[in-house]
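Let's take a friendly tour of a protein and look at how some of its side chains meet. Have the sequence and the 3D view ready as you read.

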Amino acid sequence: MLVCLILISLFSCSADRAQGQGISASENPIAVGKNVTLFSQNQVNTGAWLFNNNLVVIIFPGGAVTASNWTGRVVFNATTSALTVMSLGLGESGTYTLQDVGSSASQLVLSVQEPISGATMSANGTDLVEFNDTVALTCAVLTGTSLSFTWLNNTAEVTPGEYVHFSHDGSVLTLSKVTRYDEGPFRCNVTNGISQGITSSAQFNISYGPTNAAVSVSPPVHTHITGSDITLTCSAESKPPATIQWMLDGMNLNHSGALLELPMVAENHSGDYQCLLHNSVTSRFSSVSSMIRIMAPITAVAVNHTGGVAVAEVAFTLNCHVTGEAEVIYWIKNGNLVSADNTTIFDVENRTLTLNPVQLSDAGQYTCHAFNAVSNMTSSPYTLEVFYGPQTPVITGPSMALTGNQVLLNCSSSSHPPSVYSWHFNETKVADTSEYLTGPLALNMSETYTCTAFNNVTGKNSTAYHTLTVLAPVHMASVMAGGANPILNHTFNLTCETVGSVKSITWTKDGAPLYTDGNTSLSWNNSTLTFEPVLLSHNGNYTCNASNPLSSFTTENYTLNVIYGPGMPNVTSPNVTLEGSNVTLSCSASSYPLSQYTWSFNGTNVANTSMYETTALSTNMSGTYTCTARNTVTGYNTSAHTVLTVLEHIKYVHINVSVHPPVEGYAYMLMCNVSGPADHVLWQKNGEPLITDARITMSSDNQTVTFNELHRNDSGQYHCWAFNPVQHMLSPPHLLLVNFGPETPMVYGPPVAVEGQSVNFSCSAVSLPDSHFSWWHNITLVANSSMFVTPPLTLNMTGQYTCMARNPVSGKNVTRTLMLHVIEDIKSVKVQNDTIPIDGDNFTLTCVVDGPYTSIQWRKNGTELAANWSATNHSQYHMEENKLHFTPLTRYEDGTYECIASNLVGSHKSPAYELLVNYGPLSVTILGPELSKELFTVTIKCVADSRPESEYEWFLNDIPSSAVASSSVIQIPLLESNYTCKATNPVTNISMSRSKLITPFGSASALQSISHKYLVIISALIVSVQALFH
């Protein structure tokens, strides 16, 4: 019996921990009296069905037991774990739980409801007035539970608002201040998840209005023409329909009804038409009005003017006469709208158009356009003709004429109508036409001619004047010279002699106008041109032109040649020449006419021409040669001199050098050896002038170049030039090669080598000529070439290796030394440890090297470790010489380690060292219990996180002396006991314990692993439980 109570308590308590949602119902919600099946997603072998945490069915492997109060009302399906509840009552609504022993529970809330029947709706009124009345609708049912109410107005769902309220859980709908849209039909829809009921509809009769009153007019125009028919219609929203009365301008027309017809209207029918509406149920009134305007059409439009004709610059008025009412009048000129401006003025109604004053541009076709709301009309065109003039006449014709000719004078004036013309000469009328042709002109016909124009409409006249000058033609002119010959710096005159009426005389020189200056002047009438004095710049061709405005005469050219000279002769000849040559001496002097010439040598006449060519010259023909020039007209003569020097020839030029070879840093000389007269010497290097400085100097005559200290860049091709005024000669080239060096040698070879190797040494030095090389080991000669290859090295071959470079010309030698260290090779490298690697202890790895080395490098998993102290989240190490210290060692240092030993020649890597850190145990866990194969026993297992694997001991009830086993897995009786597992690491000597209370039926795993024979025993026990339920 006690076991049964424990099982019931177990299932009941498990329901409190239910979390799963793996149950579904065949129908939910469901009606009273129906059957429902609750399905489970998972099959349950051991557990229970509960209702509101009370047992319904206990489930065990192979069977199930139903609680006594559910017997005959439920059916349990052991295959699917489904539970069927039959003939449901309202009391079966609640939470159903399926508890799987050792696992979470699944729950479902089942709703059992009574179906709805007999849905009805009632209202507290049906005949209502808009905005005045409130109505309440009530929805009720005969049967049904868990009711939900939905209200419909026609097909739209009713929602709460300012004037819409729900009460009594939604069964009562109240409409405050009803409107015309609340007429319905209204229905109530009642539901509870398993059924629904819809009431019959309720319809309300709601009176409203009149509102939205309006008057429509046909035809729909702003203004109606007289004689037309007009219909007015009055409408409004109203229930029942409103009665209608009509009024005009506030006066009753004694007419009722929606239509008001006005046939053949006249202008006196215009006014404000108003319809009055009244609803006898709502007792409300409304009115609306419409303004009717009736107008007669325009029947005639004409344009006329006020006063006489339109005269320019005088005011003129046009009038628009309209028969009928005109609301708008505008004017058109030549198809364009006329707008007001400074000279165009309209009266207020645009009926009068005044042009003040009239402009010529105002002429054109004018029309007047008149409009009212029902018609428009345009006048016939009115042609405005503007009379004007005459304006000031314009006379065309020559202002000058020659005697004997006739002249045509023309007079014109802008005028409408055209003017009448008359001509007068010296107050005598000579013509009555616009044109006047004179007779043959005489000199006394020069005077003023007058033209008068007269307009017989405007009554105005205007006069213009024209002056005519009669001239005699110019028919002869010539230039004459006055006085003696035009001699330079003497006064000289030219005169222009003419015949005819000369108004102007002008002079030209060489075809260009002549302008006077400080040496030239003209007489008062330009007839005489005076040169004071005459100059050479006055030479040229002169003409004079005599003219009047109608004729002119130009003279023939007069050529002026000023007599002068001779000036100082200009002698051209060489100053120096070589013996045996011929020279030509040339003499010229500025003179007009040309001078006569003579040549003399040391006072002896040698030629009577301007050119003198000598015979073959000798050195005694050096001296002064004189040229004399004479002008036979002026009687003047002048002389000039030239000195001629006759020289011997240069025969040869070459370069002499110092006897010793040119060596860098020493003095050296180049000498230019010249045979013959040489005034100066020039030096070149590589085709360019030689530049001197403090190091490179020249003698006073430039014949010797001294290099006070030779540089290697002084090497090159040298020439010297010998010059005199008539000859120069270039020496053959001299190639200067400066010997230098050797400079400090460049030595190549390794500083360190391993014994047994051979190494190469090479040596080079800049030198001219090339150096001779030798190699020395310490003080021993080992090679006589620039290259030296050692034999296989031994340790005693460490030392200085010296290269000597020697220049055989300069005798200079230089050396350069290289130090070679011969060292032993590294034979082996390995990583070793002296202690066991334990987590938390200090630990050291040593790089053991056989052979000399200079540095040690450590790597972990192929990555180089930093050489200095490192402290991270998981590791802490430092390096000391060939050792890697971990302080302390942690299990994060697991990995593959290598050390690399390096010397001056190369590096050697150790074999990989695998570091596995021993640790733990860090934690101990007891797993189980699990039912074992032996009857009434279970197994438990102890697991520890440790390297290497821990050794285990088991104790019962925490008694150290009660050791029961020494393995990780043990088998124990099916009794409640407290077991302790102790795990010990044999390397770290660390121990850790864990205890666990073992309850054979206290876990899901125990129940789930119960074997068939145990279930037979439990089933026997459960049979006795049935007595408890019954």
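Before going on, a word about the model: it is predicted, with local features needing pLDDT of at least 70 and side-chain atom pairs counting only at pLDDT 80 or more, while totals for chains, interfaces and linings use all residues. Residues are numbered from 1 along each chain as its sequence is written, and side-chain values use heavy atoms, leaving out hydrogens and water.

**Rings that meet**

How many aromatic pairs does the structure hold? There are 22 aromatic pairs. Rings of Phe, Tyr and Trp (its six-membered ring) pair if their centres lie within 6.5 Å; planes under 30 degrees apart count as stacked, over 60 as edge-to-face and the rest as tilted. The rings of phenylalanine 51 and tyrosine 96 have planes at 45° and centres 4.7 Å apart, so this pair is tilted. Phenylalanine 51 is in strand 4 and tyrosine 96 in strand 9, 45 residues apart. (Strands are DSSP runs of E, at least two residues, numbered from the N terminus.) Both phenylalanine 51 and tyrosine 96 are buried, where buried means under 20% relative accessible area, with a 1.4 Å probe and protein chains only.

The rings of phenylalanine 761 and phenylalanine 788 are stacked, because their planes are at 15°, with centres 6.2 Å apart. Here the partners are in strand 76 and strand 79, 27 residues apart, and both phenylalanine 761 and phenylalanine 788 are buried. Elsewhere, ring pairs link Trp423, Phe425, Tyr436 and Tyr449 into a cluster.

**Sulfur links**

A disulfide is a covalent bond between the sulfur atoms of two cysteines. Here the cut-off is a pair of cysteine sulfur atoms within 2.5 Å. The structure holds ten disulfides, and the table shows some of them.

| Cysteines | S-S distance | S-S torsion | Handedness |
|---|---|---|---|
| Cysteine 763 and cysteine 803 | 1.9 Å | -85° | left-handed |
| Cysteine 847 and cysteine 899 | 2.0 Å | about 70° | right-handed |
| Cysteine 942 and cysteine 981 | 2.0 Å | -90° | left-handed |

Is cysteine 803 buried or exposed? Cysteine 803 counts as buried because its relative accessibility is 0%. Cysteine 763, at 7%, also counts as buried.

Terms used: Helices (H or I, at least four residues) and strands (E, at least two) are DSSP runs, numbered from the N terminus. Buried means under 20% relative accessible area, exposed over 50%, partly exposed in between (1.4 Å probe, protein chains only).
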